[in-house]
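Here's a quick tour for anyone meeting this one for the first time. Have a look at the chain below, then read on.

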Amino acid sequence: MARTKKKAEPIDELIDEMEVSEEMLMLEVEKNKMRLNPNELIPSGSTLLDIAVTNTTHGCYLTGKYYHLVGGSTSGKTMAMLHAIANIVNNPKYDDYDIFVDEPEDGCEVDIEEMFGPVTASRLKAPNYDKGGDAIHSVTVEDFYDTVQKKNDICESTGKKFFYFLDSMDSLTSEADIKKMEENMKLRDADKETGGSFGMGKASVNSKRLGMCRNNLKRNDCTLFIISQERDDIRPMAHGGATYSGGKALKFYADLQLWFKGVGEITTTIDGNTYPVGNKAIVNITKNRLSGQKHKKIPIEISFNYGMDNIGPCIDKVIQFGFWKKGTSIDTGSYFGEPIKKVKNGLAIWIDNNDKEEALIKLVSKLHNDVQSKIKDKFKRNKRYK
């Protein structure tokens, strides 16, 4: 009797079953510790997010890594990407780096020059350009990986390092899905039943190519950000959860996965009328190879005209620590060298106008470190090993 050939398991399902061991994770964390300093870290635009990811106020991202930013509409994921870019541009260390922004969905309507300055706007490049100088963005996931590989090859031959931002994975299709669509069109034209399903080609390509892509980036000290759109998980046992397209490989290979969720509007009142001026969101760290920390519900505030606000959430954090008291106004005592009592928005404007943001960040850092020290003391154990 002829033996039936065992069907190969899909790579993505194998990845789903694999887990990075605690030992491997800690080795990665230990290697990163030497780089968690002001000269190596890239700020996210949010002090609270920086602390949550790296346990420092110096920044959130390291070069040579792959980062996955997930979220729904107006949750702040693209704004977080833009703040990362602005902080890269404002660090002279990266003056010679290319900054590629691959926008297949062309969904970002932010006036980058107005919000982040003309220097930041001038540094952004499309992955490729046609003969007429028009930008060419990826269409398929194969286009995307081919382009990143070519940039890696150029880096190896010339030393020209880069940051690559994809916004977003969801807007890419795959060659397999295009082929299936064309086959089904022909079947419909012939009045025949169509077969097969769409959407699996992208996951398969990610499973096969993302690991190699990440290794090449790490070797060349180049950096990749991928944005994904949150979707409802309609699988039978998902119980109303959320997911994203492209398969499990996107998280498996990520050095850091941040999940953004919108939680409400920021409003102001003018002449008795209420107007929206921004969005509130939270960030959950769902994977972190940089420090091992996985915190949830990190608050961020995004103004339509200003971008990610760092001062407001820091004020809230200081109040949460109990260092400042909040009644009808916030009493900062004499921390800034003079007694200050203002409502939150007035205090934020005062801190900004008087260049006190750095002093506020130092206070948040001190209070955070005090709490961390108490936690270590509470759970202190004798060492097992020499």
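What follows is a short briefing, grouped by topic.

This is a predicted model, so a few ground rules apply: local features need pLDDT of at least 70, side-chain atom pairs count only at pLDDT 80 or more, and totals for chains, interfaces and linings use all residues. Residues are numbered from 1 along each chain as its sequence is written, and side-chain values use heavy atoms, with hydrogens and water left out.

**The big picture**

- The protein chain has 13 helices and 16 strands; these are DSSP runs numbered from the N terminus, with helices being H or I of at least four residues and strands being E of at least two.
- Of the 386 residues in the protein chain, 45% are buried, where buried means under 20% relative accessible area, exposed means over 50%, and partly exposed is in between (1.4 Å probe, protein chains only).
- Take the contacts (heavy atoms within 4.5 Å) between residues at least 6 apart in sequence: 66% of them join residues at least 24 apart.

**The nine-stranded sheet**

- Strands of a sheet pair through backbone hydrogen bonds, either parallel or antiparallel.
- Here, nine strands make an open sheet with mixed pairing, in the order S3-S2-S6-S7-S1-S10-S11-S12-S13; two strands pair if DSSP finds at least two bridges between them.
- At the edges sit strand S3 (124-125) and strand S13 (307-309), each pairing on one side only.
- S1 and S7 run parallel and share six bridges, and Leu 69 stands opposite Ile 227 in S7.
- S1 also pairs in the parallel sense with strand S10 (residues 256-270), over five bridges, and there Gly 71 stands opposite Phe 260 in S10.
- S10 and strand S11 (residues 273-288) run antiparallel, joined by 14 bridges; Gly 264 has Lys 280 in S11 as its bridge partner.
- What do S10 and S11 form, and how many residues lie between them? They form a hairpin with two residues between them, and Asp 271 in the turn has a positive phi of about 55°.

- Buried residues in H11 are Ile 311, Gly 312, Pro 313, Cys 314, Ile 315, Val 318 and Ile 319.

**Aromatic rings**

- The structure holds 18 aromatic pairs; rings of Phe, Tyr and Trp (its six-membered ring) pair if their centres lie within 6.5 Å, and planes under 30 degrees apart count as stacked, over 60 as edge-to-face and the rest as tilted.
- Tyr 67 and Phe 225 have ring centres 4.9 Å apart and planes at 35°, so this pair is tilted.
- That pair links distant parts of the chain: Tyr 67 is in strand S1 (residues 66-71) and Phe 225 in strand S7 (residues 223-229), 158 residues apart.
- Tyr 67 and Phe 225 are both buried.
- Phe 225 pairs with Phe 165 too: their ring centres are 4.6 Å apart with planes at 20°, so that pair is stacked.
- Phe 165 lies in strand S6 (residues 162-167) and Phe 225 in strand S7, so the pair ties together parts 60 residues apart in sequence; both residues are buried.
- Elsewhere, ring pairs link Phe 100, Phe 144, Tyr 145, Phe 162 and Tyr 164 into a cluster.
- Lys 151 lies over the face of Phe 100, 4.3 Å from the ring centre; a charge sits over a ring if NZ of Lys or CZ of Arg is within 6 Å of the ring centre and within 35 degrees of the ring normal.
- Lys 317 lies over the face of Phe 321, at 5.5 Å from the ring centre.

**Cysteines**

- The structure holds zero disulfides, a disulfide being a pair of cysteine sulfur atoms within 2.5 Å.
- Cys 222 is in no disulfide, and the nearest cysteine sulfur, that of Cys 155, is 3.7 Å away.
- Cys 222 is buried at 0% relative accessibility, and Cys 60 is buried with a relative accessible area of 0%.
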